[in-house]
Amino acid sequence: MSTIKFNIDGKDVEVRNGRSVLEAALDSGIYIPHLCYHEDLSPIGACRLCIVEIEGMEGLVLSCSTPAAEGMVVKTGSESIDASRRLAMELLLAGHPPDCGTCVKYLNCELQSLKQYIIGDHIRVRTRSKLIPVNADNPIFLHEPNKCVLCGRCVRACHELRGVGVLFYKKQGRETYIGTENGLSLAESGCRFCGACAEVCPTGAIMDKEEFAKGKSRKAALVPCRYACPAEIDVPKYIRFIREKNYSAAAAVIREKVPFPGVLGYVCDHPCEDVCKRGEINHPISIRNLKRYAVEHDTEKIWKEKSRKKDATGRKAAVIGSGPAGLTAAYYLCKQGHEVTVFEALPQAGGMMRYGIPEYRMPRDILDGEIKIIEDTGVEIKTDSKVESIDNLFDDGYEAVLVAVGAHKGQKLRIPGARSEGVLTGLDFLRDVNLGNEVNIGKRVVVLGGGNVAFDCARVAKRAGAEEVHIACLECREDMPASCDEIDQGEQEGICLNPSKSFKRIINEEKIAKGVEFLDVESLTFDEDNLPQVEVVDDSEHILEADTIIFAIGQQPDIPEEFDLDKTDRNLIELDSYTFETSREGVYAAGDAVSGTASVIEAIASGRKAASIIDKFLDGDGRIDEKLAPEAELQKCLGPDPDFAAMDRVEEVCVLPEERLMSFCRVVDEMDEASADYESKRCLQCDLRLSITPVKFWGNY
């Protein structure tokens with residue numbers, strides 16, 4: 001691109017041709033005050049702060065709308081310029097509230113910054129109160145018209161940047177303000193809730209509601225789905241690819257961060273959906289289901305073309321445990337060029353993904369396929385190989401060891417009768433079923449606990465032949481920790497819920513369990529150590545008869561004493577949270593053995609971090625991130641859609657309860673292409689805000 005040379009404040013500068021005087025000055029590090037101007041918007045000169053003198057031109061000139069020209073001589077400061085700017089600034093402030101100290105935009109407000117730069121604290125013009133009501137009714141944004149100085153940035157962003165066009169200049173009596181046609185809500189007006197208006201507003205007249213930003217980094221506040229994901233999968237990017245029907249590219253985006261995209265499509269606890277801003281409008285995007293759809297329609301496997309494995313380093317690492325944390329760490333360490341062996345005590349790899357999650361929730365062909373990819377990378381997995389001594393691994397030439405044994409040890413409450421025959425722990429029960437062992441649970445089963453494991457046990461018990469299955473827990477129905485879909489599907493399958501129950505004792509005859517005695521819970525709170533404080537209803541004892549009683553109240557790792565590792569009072573491996581190193585040099589830990597029972601995605605994220613750290617220990621660079629997806633140009637213009645806010649979530653379609661109870665077939669039917677397309681179009685595309693040029697304050701020049 002051609003350049004021009006001109007002089008500004010006695011300094012010769014060279015800039016790209018086609019830039020305005022204001023842009024040319026800013027490009028050259030010379031500050032000219034401005035407010036209505038924004039790099040991404042067309043100039044309108046409304047604020048009149050950017051005035052300059054140009055040799056050969058009469059009067060003061062708006063620098064934002066005047067093209068820089070070859071040989072031009074510009075002066076950015078003089079007595080007349082300063083006086084004119086001061087008056088323009090005072091007029092902007094005349095109707096603006098003076099309470100800067102109480103404003104959440106304080107110290108991050110362009111208007112406040114310019115006020116200090118141009119006039120200081122004293123305003124000579126008469127001020128007025130506009131008294132236009134604050135609008136807090138819109139789900140994501142707070143609109144405070146009294147803070148507006150009519151710079152027009154929000155209107156231009158809505159019309160020019162996004163092509164949505166729902167914001168306009170409006171009149172109320174003698175006051176002009178920014179609003180929608182006929183005073184409609186943003187949803188009724190066809191707003192796409194992209195946030196461009198809030199992003200460019202210089203005064204806080206339009207802002208994200210405080211609850212979305214408080215205590216968060218900028219990126220976490222703007223794109224919460226991505227940064228709520230423990231592995232930081234770029235959710236908006238892969239949803240955008242799904243909308244374009246480029247499913248292989250979408251799958252590649254997911255694979256950049258995790259080696260188990262298919263597994264996560266079924267069992268991820270989707271913290272991304274919990275923070276999805278679409279949920280403030282009606283319901284969150286069905287992110288997990290879209291992930292599953294993309295992965296299962298990845299016919300081209302383009303991620304394989306860009307996936308790279310570094311040259312062999314000659315260094316060896318051992319991983320104890322083949323769950324999501326262990327296999328993830330092994331995969332990335334192997335791709336870094338190290339020789340990696342995974343030791344698994346059970347007959348097949350997969351850890352809790354295989355032995356703790358029922359097949360109807362996690363189809364085994366999906367799990368097997370993704371483990372096969374890890375093995376094809378070069379990871380050696382030795383099953384039926386329980387590690388008794390870490391010392392032996394070092395003796396065998398392994399230079400680093402990762403302990404990722406999970407939390408496979410179920411727990412029972414210390415109540416009378418807990419050791420009776422017929423009283424099981426949830427994980428032992430699920431493991432036996434998943435191993436294909438014969439289980440004899442009788443006709444009546446009571447599961448104690450209210451989380452996902454409890455529902456897994458109850459639903460598996462139904463499929464294993466139990467005629468009557470109860471779940472009992474301390475929590476009330478609304479506070480049960482299990483996911484909503486687990487609860488709903490369990491009830492559809494005939495599971496009887498008994499919330500707000502305290503477990504008093506196991507009833508037994510000749511040490512054989514016959515039932516559970518409960519007390520009704522009046523209130524349940526938790527103290528500062530997160531221990532339950534239970535108040536029960538006096539004289540509310542009652543009994544549920546049962547042939548089998550299953551405790552599903554939590555689990556912990558089973559760490560052999562021979563490992564010689566320091567442990568916490570919760571029997572978890574103690575380690576440095578930054579280095580992942582345990583009390584032994586060269587021994588690291590990850591996953592549930594460190595955190596306690598967590599989700600699959602949390603375990604995967606833990607495995608990723610451990611792989612990066614161990615790679616550095618083995619003299620690598622620790623850089624395990626990959627670029628597997630094609631680059632895509634953002635389509636920043638969204639266009640109008642009057643029905644956008646009304647688009648509601650596509651609900652999962654499940655196999656009928658009477659059919660799914662006959663086997664361990666998958667419960668959730670496949671999403672069809674029309675549903676995936678519709679769901680992807682519900683996305684607010686929050687990440688587009690990150691593409692808006694950030695504003696620089698005068699102190700940056």
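**A buried histidine, a helix pair and some aromatic contacts**

H470 counts as buried, with a relative accessibility of 9%, in what is a predicted model. The residue sits in strand β17, which covers residues 468-472. Leaving aside residues up to four places away in sequence, H470 touches V445, V446 and V447, along with C496, N498 and L544. One of these neighbours, V447, is 23 residues from H470 along the chain, yet the C-alpha atoms of the two are separated by 6.1 Å.

Stepping back to the whole protein, the secondary structure comes to 26 helices and 25 strands. The C-alpha trace spans about 105 × 65 × 45 Å along its principal axes. Of the 701 residues, 54% are buried.

The buried set runs I287, R288, N289, L290, K291, R292, Y293, A294 and V295.

Next comes a helix pair. Helix α16 (residues 324-335) packs against helix α18 (residues 364-377) at an angle of about 30°, and their axes are 9 Å apart. Angles under 35 degrees count as roughly parallel, and that makes α16 roughly parallel to α18. The crossing of these two helices is left-handed. On the α16 side, the contact is made by L327, Y331, C334 and K335, while α18 brings in I371, I374 and T377. Sorted by type, the residues of this contact come out as 5 nonpolar, 1 polar and 1 charged.

As for aromatic residues, a search of the whole structure turns up 10 aromatic pairs. One of them is F343 with Y398, an edge-to-face pair with 6.0 Å centre to centre and 85° between the planes. F343 belongs to strand β11 (residues 339-343), whereas Y398 is in the loop between α19 (390-395) and β13 (400-403), so the pair ties together parts that are 55 residues apart in sequence. Both F343 and Y398 are buried.

Y360 and F664 form another aromatic pair, this one tilted, at 6.3 Å centre to centre with 35° between the planes. Y360 lies in the loop between α17 (352-355) and α18, and F664 in the loop between α25 (657-660) and α26 (673-680), so here the pair ties together parts that are 304 residues apart in sequence.

Key:
Residues are numbered from 1 along each chain as its sequence is written. This is a predicted model: local features need pLDDT of at least 70, side-chain atom pairs count only at pLDDT 80 or more; totals for chains, interfaces and linings use all residues. Side-chain values use heavy atoms; hydrogens and water are left out. Axes are lines fitted to C-alpha atoms, for helices over the stretch in contact, and angles run from 0 to 180 degrees between N-to-C directions. Helices (H or I, at least four residues) and strands (E, at least two) are DSSP runs, numbered from the N terminus. Angles under 35 degrees count as roughly parallel, over 145 as roughly antiparallel, 65 to 115 as roughly perpendicular and the rest as oblique. A crossing is left-handed if the near helix is turned anticlockwise from the far one by less than a right angle, and right-handed if clockwise. Contact means heavy atoms within 4.5 Å. Ala, Val, Leu, Ile, Met, Phe, Trp, Tyr, Cys and Pro count as nonpolar, Asp, Glu, Lys and Arg as charged, and the others, Gly among them, as polar. Rings of Phe, Tyr and Trp (its six-membered ring) pair if their centres lie within 6.5 Å; planes under 30 degrees apart count as stacked, over 60 as edge-to-face and the rest as tilted. Buried means under 20% relative accessible area, exposed over 50%, partly exposed in between (1.4 Å probe, protein chains only).
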